[in-house]
Amino acid sequence: MTFWTYRRRDNLVGYLFVAPALLGSLAFVLVPLGLVGWYSLNEWNVLGGTFEFIGAENYQRLLADEKLRSALVATAWFAAGLVVLNLSLALLLAVLLNQKLRGTTIFRTLFFSPVLVSLVAWTLVWQLMLQPEGSVNGLLGFLGVDGPNWLRGDTTAMISVIVVQVIKNVGLNMVLFLAALQGVPAPLYEAAKIDGAGPWTRFRRITIPLISPTILLTSIITIVGSLQVFAQIAVLTQGGPGTSTTVLIYYLYQQAFQFHHFGYGATISVLLFVIVAALTLMQWRMRRKWVLHET
Amino acid sequence: MTTLSRLTALILAALLALTACSGSATSGSKSLRMTVWTANEAHLKLLNEIAAEYKASHPDITEIKFDSIPADGYTTTLTTQIAGGNAPDLAWILEESAPDFVASGALAPLKGKIEKADELVPSAVRLWEKDGELYAYPFSTSPFGLFVNTSLIKNVPARWTWDQAIAAAASSKGLVLPDFKYQNWAVLSAIWRGWDANAWSDDGRSCGFSSQEMKDAMSFVHKAIFTDKAIPGPGTTVDFFAGNAAMAISQISRAGALKDAEFTWTLMPLPSGPKGDYAVIGQAGVGVLKRSKNAEAAADFLGFFTNEANSAKLAQFFPSVRSSLLNAETLAKSNPLIRPEQLQSVVVDGISKGVVKPSHQGQEELNQTIRAALDPLWKPGANVSAVLDDVCTKIKPLLERK
Amino acid sequence: MKRKVALYGLLCLLCVPFVFPTWWMVTSSMKPISEIFSESLLPSEPTFATYSQVFRMQPFGQQYWNSLYIAVVVTLGTMAVAALAGYAFARIRFPGQNVLFVVVLTGLLIPSEVTIVPLFQLFQSLGLTNTHWPLIIVPIFGAPCVLAIFIMRQFFIALPPELEEAARMDGLGRAGIFYRVALPLARPALGAVAIFTFLHSWNLYLEPIVYLSTPDMFTLPQALTQFVDNYGGPMWNVQLAAATMTAVPILVVFVLAQRQFIEGLAHTGVKG
């Protein structure tokens with residue numbers, strides 16, 4: 001037998017195939033992440049040019065930081081609002097588009113179009129439209145509603161940021177749901193109809209379970225994505241009014257880039273990473289419970 | 001999209017700093033780099049003319065380059081360039097970051113290099129001095145004034161009181177503070193100084209927001225916005241320079257924006273407050289970075305840049321603090337848009353008597369904290385006193401930090 | 001019939017917030033600045049002056065090209081890396097496979113703000129700041145590629161093993177099987193990856209800001225932020241004109257190719 005058995009050769013090919021991705025992960029993800037961990041143990045005074053090991057001091061500061069606590073609360077609201085609104089709207093749109101109607105392609109195109117508009121352009125447009133005399137209130141005024149100063153109220157600012165983000169990206173989830181819906185075998189519905197199940201029951205008992213893997217995937221992507229929403233908040237509200245929309249990533253940016261507390265910024269980064277990882281792990285674990293089938 | 005451009009500058013700057021590597025500019029040939037926040041063609045033309053003249057007499061200087069950094073986020077870009085080992089040789093510095101720069105020791109001493117340093121107006125130099133040494137030359141000292149659209153409001157007196165001004169604004173198209181945007185709170189000092197209010201004490205240790213003077217002043221501002229509707233509320237954009245507002249509180253350096261105005265206008269000193277007449281100025285200094293390899297040459301160029309002749313040229317854009325130049329006739333030569341008596345009352349009197357906008361070490365964090373704490377004030381029915389007390393609670397730890 | 005009308009009505013209503021911003025962006029870019037906040041749906045006197053201003057203020061054509069070629073190179077590179085790695089993780093058994101997959105997946109969990117500083121230091125030390133290299137290399141090999149790898153893996157996992165068995169019988173090696181059999185079948189998944197990747201690169205905002213400093217190197221999202229007057233005030237109508245030019249071509253391409261586009265996306269292997 002030669003040394004290069006099929007299995008050995010196969011192993012080698014496997015390593016070769018994953019090598020680019022793996023080396024990339026090492027160089028551009030893991031090593032930088034390790035460095036961020038190291039920075040978090042130091043006091044890095046960017047202005048003074050000093051870099052000094054201080055052990056867990058930044059982490060102690062993290063525990064006592066009231067602004068951080070309010071940032072966590074804002075983050076939780078933001079993520080929850082975003083995920084709930086995004087997934088339910090995506091599902092609603094997908095169900096509507098899945099009806100046997102002429103012209104759904106046009107609507108599908110329209111709902112998807114914001115995904116393609118560059119984020120900066122999108123946010124800029126909404127920033128102008130959400131001003132007190134902007135088009136949003138203009139449209140509302142047309143309906144006889146006196147619109148608020150969206151970006152200046154604690155609650156309305158949060159709602160605005162969520163809605164702007166959802167409308168931008170819901171098209172992606174919609175398409176994924178649409179594909180999943182089209183994969184649900186029609187005979188199942190027929191059978192349920194014969195058993196006397198109404199539309200709502202059919203939706204709950206057949207549709208939801210069958211598309212649960214898609215729900216899982218979209219919810220993971222959306223939650224993780226919601227923790228990374230930065231530029232939109234920076235443009236629309238700058239974390240205000242007060243600190244009502246200062247979410248974790250924005251607070252991180254302020255500390256590291258605006259106030260030059262870079263060591264502390266790194267500490268917040270580490271916290272952010274832990275939260276994202278924990279959430280993802282939790283959802284992945286939960287899939288056994290509520291995801292019907294797995295390949 | 002100012003926010004985005006500010007972000008751009010901030011992030012870029014911070015990162016430059018964070019690299020903190022030693023790679024500094026090449027220095028074999030002596031070339032100088034000065035960071036400026038203007039990208040205005042006329043400004044840069046004048047700067048380059050002065051530089052060319054200097055190079056002609058100093059063959060060892062091969063290049064003098066003016067690097068325009070966007071005004072939004074300028075300071076962060078600059079400070080972090082310095083920390084990142086990419087320091088310019090000379091830099092414009094805003095008044096609000098003067099304490100950070102002067103105290104940090106990032107600047108080289110200048111006193112010996114400045115021509116006739118003793119004729120500089122003392123009140124305008126204070127911010128840039130430490131222990132009797134001058135660390136930056138205040139090349140631009142620009143008082144706040146009240147611009148009035150006289151196509152809209154006729155018969156203006158020489159000076160209003162604040163009550164009269166607000167009443168006039170309320171009955172016309174309103175008063176705007178173009179740079180305020182309900183974020184840059186320091187601009188409000190142009191109002192609250194009339195009540196003798198201060199953001200903090202002179203030593204910077206104790207908070208002034210909860211003082212009675214401040215509460216009176218801010219109650220007045222609040223009333224002007226939400227009750228009298230004399231100042232446009234948050235989020236509304238009204239452009240005085242396009243003729244959409246009756247008055248504006250702005251620095252006189254903005255007069256250039258009125259060159260092609262389709263309305264008539266006048267410039268008045270700030271209205272007098274309950275505590276009488278006052279003036280507030282915004283300032284900019286130019287300093288030499290200690291870390292520059294050509295610090296000596298840079299300081300020498302700065303001496304030339306700010307000598308009497310060049311100060312006179314610069315004064316058409318950037319009001320000078322040399323007392324020999326600080327008179328209406330000289331100023332009028334370079335400011336054809338503004339009448340001599342206006343220059344006297346706003347510029348000359350303003351610079352000699354004015355108080356500089358508030359500044360403190362750690363300014364950016366203070367700015368953000370105060371901005372956030374003041375937000376609840378900008379709605380109808382706000383409890384002014386409670387909000388201001390809260391500002392003090394929030395910034396106390398920052399003021400007490402060394 | 002009634003149901004149909006109701007459904008159309010609902011769809012039309014829901015469309016408004018999706019369509020109106022784009023409509024507003026396009027029309028307002030043709031308005032003079034004083035009309036931006038007016039209620040009118042159409043400019044009273046459409047002007048294209050703002051469009052020529054865009055090109056006068058920035059090397060906008062160059063910036064357009066920068067964005068375009070970077071996005072294309074990143075898309076092609078990512079497709080290659082993701083197809084290889086996705087295939088190996090799905091179809092080849094090798095020791096340490098699962099651990100390595102988890103290692104790669106970490107990239108999915110990291111917001112780019114978190115690692116941007118060390119990455120910047122890396123490229124600064126290589127002398128590659130103010131070049132397009134970081135914007136090309138990091139997306140192809142780093143965190144942004146992970147979603148693509150994941151999509152490809154999910155697709156290859158669902159591929160029936162019989163196909164490969166047959167190819168192996170015919171004497172094809174691993175590489176041959178991948179290239180001749182698996183890859184052609186993966187066209188829809190590759191299409192999805194291409195779309196995701198192109199959009200990601202096209203929209204990238206933070207990274208260009210960090211790495212690029214001269215206007216002729218800028219990419220479009222970054223260039224959009226540069227249209228300000230002498231006092232740093234935003235020139236809204238010019239910004240909107242530039243924004244329109246970045247958005248409309250993509251939208252047109254999308255409308256023309258939307259069937260392949262969306263069906264490609266639908267094949268992201270989320271069934272697994």
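The dialogue below goes through these topics one after another.

Analyst: Some conventions come before the reading: residues are numbered from 1 along each chain as its sequence is written, while chains are lettered from A and ligands numbered from 1 in the order in which they are written. This is a predicted model, in which local features need pLDDT of at least 70, side-chain atom pairs count only at pLDDT 80 or more, and totals for chains, interfaces and linings use all residues, with side-chain values using heavy atoms and leaving out hydrogens and water.

User: How many residues does the largest nonpolar core have, and which of them have the most contacts inside it?

Analyst: Buried means under 20% relative accessible area, exposed over 50%, and partly exposed in between, with a 1.4 Å probe and protein chains only. A nonpolar core is then a set of buried Ala, Val, Leu, Ile, Met, Phe, Trp, Tyr and Cys residues joined through side-chain atoms within 4.5 Å. The largest such core in this model has 181 residues, and Phe111(A), Phe89(C), Met152(C) and Phe156(C) have the most contacts inside it. Helix 3 (residues 66-97) of chain A gives this core its largest share, 14 residues. A second, separate core of 72 residues includes Ala245(B), Ala299(B), Phe304(B) and Leu331(B).

User: Which elements do the buried residues of helix 6 of chain C pack against?

Analyst: In helix 6 (residues 133-141) of chain C, the buried residues include Pro134(C), Leu135(C), Val138(C) and Ile140(C). The buried residues of this helix pack against helix 1 of chain A, together with helix 3 (60-91), helix 5 (112-125), helix 7 (144-157) and helix 11 (206-211) of chain C. As for the chain as a whole, chain C has 14 helices and 0 strands, and 56% of its 272 residues count as buried.

User: Which residues make the nonpolar surface patch?

Analyst: Accessible areas come from the Shrake-Rupley method with a 1.4 Å probe, and for residues only the protein chains shown count as cover. In this model Val31(A), Leu35(A), Trp38(A), Phe51(A) and Phe53(A) make a nonpolar patch of about 480 Å²; patches take residues with over 30% relative accessible area and no salt bridge, joining like charges within 9 Å and nonpolar side chains (Val, Leu, Ile, Met, Phe, Trp, Tyr) within 5 Å. A salt bridge is a side-chain nitrogen of Lys or Arg within 4 Å of a carboxyl oxygen of Asp or Glu. Helix 1 (6-39) and strand 2 (50-53) of chain A each give two or more residues to the patch, helix 1 giving the most, with 3. Trp38(A) sits in helix 1 of chain A and counts as partly exposed because its relative accessibility is 41%.

User: Where are Asn155(B) and Tyr182(B), and is each of them buried or exposed?

Analyst: Both are residues whose backbone phi deserves a look. Asn155(B) has a phi near 55°, a positive value in a residue other than glycine, and lies in the loop between strand 6 (137-149) and helix 6 (162-171) of chain B; Asn155(B) counts as exposed because its relative accessibility is 77%. Tyr182(B), likewise not a glycine, has a positive phi of about 55° and lies in the loop between strand 7 (175-176) and helix 7 (189-192) of chain B, but Tyr182(B) is buried, with a relative accessible area of 7%.

User: Which residues does the cis peptide bond join?

Analyst: The cis peptide bond joins Gly240(A) and Pro241(A), with omega about -5°. Pro241(A) is found in the loop between helix 11 (231-236) and helix 12 (248-258) of chain A.

Key. Helix = DSSP H or I, 4+ residues; strand = E, 2+ residues; numbered from the N terminus. Contact = heavy atoms within 4.5 Å.
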